Amino acid sequence: MPAFGILQVRVFTSIAELPLAGATVIVAQSTDSGKYALVSVQQTDSSGMIHPVPLSTPPIAQSCSPSAGDAPPPFALCDVWAEMSGYAMQSAHDIQIFPGVDTLQEFRLPPLEQGQADLSQRTSHTTPAHDL
């Protein structure tokens with residue numbers, strides 16, 4: 001039986017965490033060939049959230065004991081990009097999705113100053129792998 005984990009994404013601005021409605025969120029996974037497979041493209045709702053994205057994961061039994069040297073990790077990986085006109089784009093890479101677990105990825109998009117371009121102000125974060 002295939003295993004799944006859920007990715008939820010919330011996009012907001014400012015330290016007050018004001019939700020950004022209408023931001024575009026892209027979810028993709030790397031394939032064995034090194035290319036991206038598009039999983040989801042959505043716009044955030046009035047609360048800054050997208051609909052939950054189910055992602056295929058390794059079986060839960062694979063995450064119940066420490067893995068040996070070159071065994072595959074007990075989680076799936078995905079990358080997410082969030083952008084909205086007038087705000088700096090952000091991306092998060094190697095987000096770990098575990099079977100049966102909801103994972104929340106949050107993005108705080110800072111507003112751009114007049115004359116700044118969206119893509120030139122982007123920031124990126126890579127999640128370090130779990131040492132399971």
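Biologist: Is Y36 buried, exposed or partly exposed?
Modeller: In this predicted model, Y36 counts as partly exposed, at 45% relative accessibility.

Biologist: How many aromatic pairs are there?
Modeller: The count comes to two aromatic pairs. One of them is formed by Y36 and W81, and the geometry is edge-to-face. Their ring centres are 5.3 Å apart, with 80° between the planes.

Biologist: Why give both a distance and an angle?
Modeller: Because a pair of aromatic rings is described by the distance of the centres and the angle of the planes.

Biologist: Which strands do Y36 and W81 lie in?
Modeller: Y36 lies in strand β4, residues 36-43, and W81 in strand β6, residues 76-83. The pair therefore ties together parts that are 45 residues apart in sequence.

Biologist: And F75 and F98, what kind of pair do they form?
Modeller: F75 and F98 form a tilted pair, 5.2 Å centre to centre and with 55° between the planes. F75 is in the loop between β5 (53-57) and β6, while F98 is in the loop between β7 (90-97) and β8 (102-108). They are 23 residues apart, and the pair links distant parts of the chain.

Biologist: Changing topic. Which residues touch the most other members of the largest nonpolar core?
Modeller: That core has 20 residues, and L7, V9, V11, V25, C78, V80 and F107 touch the most other members. Two or more residues come from each of β1 (3-13), β3 (24-30), β5, β6 and β7.

Biologist: Which element gives the largest share?
Modeller: β6 does, with four residues.

Biologist: What is V80 in contact with?
Modeller: Leaving aside neighbours within four places in sequence, V80 is in contact with L7, V9, V25, I26, V27, Q90, S91, A92, I95 and F107.

Biologist: Where is F12, and is it buried or exposed?
Modeller: F12 is in strand β1. F12 is buried, with a relative accessible area of 6%.

Biologist: How many residues separate F12 and P110 in sequence?
Modeller: F12 and P110 are 98 residues apart in sequence, and their C-alpha atoms are 8.7 Å apart in space.

Note on methods. Residues numbered from 1 in each chain as written. Predicted model: local features only at pLDDT ≥ 70, side-chain atom pairs only at ≥ 80, totals over all residues. Heavy atoms only, no water. Phe/Tyr/Trp six-rings, centres within 6.5 Å; stacked < 30°, edge-to-face > 60°. Buried < 20%, exposed > 50% of the residue type's maximum accessible area, 1.4 Å probe, protein only. Core = buried A, V, L, I, M, F, W, Y, C linked by side-chain atoms within 4.5 Å. Contact = heavy atoms within 4.5 Å.
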